[in-house]
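Please read it alongside the sequence and the structure shown here.

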Amino acid sequence: MPSISELPIVAELENDSTAGNHKLRRRRRKRKKKKVTAEQILASRYVHEWAFGHSEPSDDSAGRVLFELHSHSKFSDGFLSPTALVERAHRNGVKVLALTDHDTMAGIPGAIEAAQKFNMRIIPGVEISALYSPGNEPGGEEPLHILAYYGSCGPSSMCEELDDLLANIRDGRYTRAQEMLVKLGKLKMPLKWEDVVNIAGKGVAPGRVHVARAMVEAGYVENLKQAFSKYLYDGGPAYAKGTEPLANYVVQLICRSGGIATLAHPWALKSPVSVIESLKAAGLHAVEVYRSDGKLAGFSNLADTYDLLKLGGSDYHGRKADDESDLGSVYLPVLDVFKFLKLASPIWCGSTRNILRSFVEEPSAANMKKKFSFYKPDKSDCCAAKCCGKDCFDLRSSSWLSDEERQNAELENIRLKLSDTVISKVGLHLRLDGR
Ligand SMILES: [Zn+2]
Ligand SMILES: [Zn+2]
């Protein structure tokens with residue numbers, strides 16, 4: 001653990017995007033440094049310990065823990081592979097990265113694997129497309145995105161229900177993209193279906209951005225921004241609705257599967273107050289209020305009113321556009337990160353227990369593969385021949401859970417049950433070193 005004086009309090013409110021004068025910034029920082037409260041010190045310590053365990057970070061970041069909670073890879077409409085995304089995040093100083101692709105968690109194993117060599121932590125996430133419907137009010141419906149953050153083991157119970165939900169949304173994207181192409185054809189901008197599918201990539205459900213890229217390539221618009229602002233915006237002339245589930249149901253499912261439900265970019269909504277009120281009643285935990293240009297006061301106040309956590313992230317896609325916020329560019333105050341982890345930790349810990357418990361009931365290699373789907377077997381691991389379930393448990397749980405979280409009678413019980421278990425065969429092994 002770092003000493004208190006080394007803790008990352010200087011980072012608090014450091015993100016002053018308007019200040020161009022370095023001297024002024026340094027002076028301000030010095031001033032703010034003095035105002036560090038005991039609460040912030042404790043929060044910093046907790047966050048650091050959660051991210052790194054008891055070990056010191058290996059670089060010169062002096063204990064600062066940079067979180068990036070909103071990012072996309074090639075598995076949805078991002079441009080980078082999960083590996084390239086993790087490498088870029090690392091270069092930008094990110095220590096904890098949530099990969100939140102649209103309606104899929106297929107990129108998570110690659111991100112976890114890539115993060116190991118940088119001692120970074122991956123929060124398995126997903127950004128789920130949903131539809132807000134205010135009951136019988138006609139015309140009040142609007143599409144929105146809900147971020148779900150899970151513990152290291154991923155969603156716990158109801159996993160199949162979540163998988164089915166995401167698969168349905170992805171299927172709906174194909175129909176929706178086809179509808180958009182029909183509309184564009186009527187607007188005298190015909191596109192080939194194969195082109196859109198090729199742009200999306202193998203197995204990736206095409207989204208609006210893939211249609212927009214095909215429009216740019218065909219020369220109908222100059223750039224993606226124009227494709228959206230003229231044709232593909234919500235309700236636009238070439239817009240088509242998907243088959244999104246109702247937002248309240250999505251929030252409830254995230255809660256049931258051990259996730260933290262967060263309303264993404266509420267500033268894009270027509271009626272954010274009614275949406276937040278309704279989703280809070282369904283169990284919503286948090287709302288994005290931080291962006292790279294700072295905190296949005298209006299949404300911060302709304303978060304206070306509805307007792308929601310305040311989060312945010314860059315929503316990085318790797319579009320190479322000048323106005324795109326880069327990974328790690330959104331500053332989250334340590335107290336907000338602390339509140340997030342304090343709320344999430346017991347939920348994630350409960351999911352891990354559920355998963356381990358169900359593994360104990362059937363400690364087979366096949367079940368291990370099913371339960372720990374985010375962790376690819378690695379031929380270099382020790383369990384090639386056989387290994388004691390308890391050893392595997394100790395190694396895994398030390399990276400999944402903090403020391404405090406592991407002090408739990410039920411977990412100890414599971415560990416003891418695994419003492420007599422030997423997991424082997426069919427070449428499936430537990431990874432030993434990573435998070
Ligand atoms: Zn979104
Ligand atoms: Zn996003």
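## Helix packing and buried strands

Helix 2 passes helix 12 in a left-handed crossing. The model in which this crossing is seen is a predicted one. Helix 2, residues 38–52, and helix 12, residues 334–361, pack at an angle of about 55 degrees, and their axes are 9 Å apart. That angle makes helix 2 oblique to helix 12. On the side of helix 2 the contact is made by Glu39, Gln40, Ala43, Ser44, Tyr46, Val47 and Trp50, while helix 12 contributes Val334, Leu335, Val337, Phe338 and Leu341. Sorted by class, the contact of helix 2 with helix 12 has nine nonpolar, two polar and one charged residues.

Two further helix pairs can be described in the same terms. The axes of helix 7, residues 208–217, and helix 8, residues 224–232, come within 9 Å and cross at roughly 110 degrees, and the two helices are therefore roughly perpendicular to each other. Their contact involves Arg208, Val209, Val211, Ala212, Arg213, Met215 and Val216 of helix 7, together with Leu224, Ala227, Phe228 and Leu232 of helix 8. In the contact of helix 7 with helix 8 there are nine nonpolar, no polar and two charged residues.

Helix 9, residues 247–256, and helix 10, residues 272–282, have axes that come within 8 Å and cross at roughly 40 degrees, and helix 9 passes helix 10 in a right-handed crossing. Here Ala247, Asn248, Val251 and Gln252 in helix 9 meet Ser278, Leu279 and Ala282 in helix 10. The classes represented in the contact of helix 9 with helix 10 are four nonpolar, three polar and no charged residues.

The table sets out the geometry of these pairs.

| Helix pair | Axis separation | Crossing angle |
|---|---|---|
| Helix 2 and helix 12 | 9 Å apart | about 55 degrees |
| Helix 7 and helix 8 | within 9 Å | roughly 110 degrees |
| Helix 9 and helix 10 | within 8 Å | roughly 40 degrees |

Turning to the strands, strand 2, residues 94–99, is mostly covered, since six of its six residues are buried. Strand 1, residues 66–68, runs parallel to strand 2 and is joined to strand 2 by three bridges, with Phe67 standing opposite Val96 in strand 2. Strand 6, residues 286–291, also has six of its six residues buried, so strand 6 is largely enclosed by the rest of the structure. Strand 5, residues 260–263, pairs with strand 6 in the parallel sense over two bridges, and Thr262 stands opposite Ala286 in strand 6.

Is Lys186 buried or exposed? Lys186 is exposed, because its count of other C-beta atoms within 10 Å is 11, and a residue counts as exposed if that number is 12 or fewer. The C-alpha atoms of Lys186 and Pro237 are separated by 9.9 Å, although these residues are 51 apart along the chain.

For the protein chain as a whole, there are 16 helices and ten strands. Buried residues make up 43% of the 435 residues in the chain. Among contacts between residues at least 6 apart in sequence, 72% join residues at least 24 apart.

Note on methods:
Residues are numbered from 1 along each chain as its sequence is written. Chains are lettered from A and ligands numbered from 1 in the order in which they are written. This is a predicted model: local features need pLDDT of at least 70, side-chain atom pairs count only at pLDDT 80 or more; totals for chains, interfaces and linings use all residues. Axes are lines fitted to C-alpha atoms, for helices over the stretch in contact, and angles run from 0 to 180 degrees between N-to-C directions. Helices (H or I, at least four residues) and strands (E, at least two) are DSSP runs, numbered from the N terminus. Angles under 35 degrees count as roughly parallel, over 145 as roughly antiparallel, 65 to 115 as roughly perpendicular and the rest as oblique. A crossing is left-handed if the near helix is turned anticlockwise from the far one by less than a right angle, and right-handed if clockwise. Two residues are in contact if their C-beta atoms, placed from the backbone, lie within 7 Å. Ala, Val, Leu, Ile, Met, Phe, Trp, Tyr, Cys and Pro count as nonpolar, Asp, Glu, Lys and Arg as charged, and the others, Gly among them, as polar. A residue is buried if 20 or more other C-beta atoms lie within 10 Å of its own, exposed if 12 or fewer, and partly exposed in between; C-beta atoms are placed from the backbone. Two strands pair if DSSP finds at least two bridges between them.
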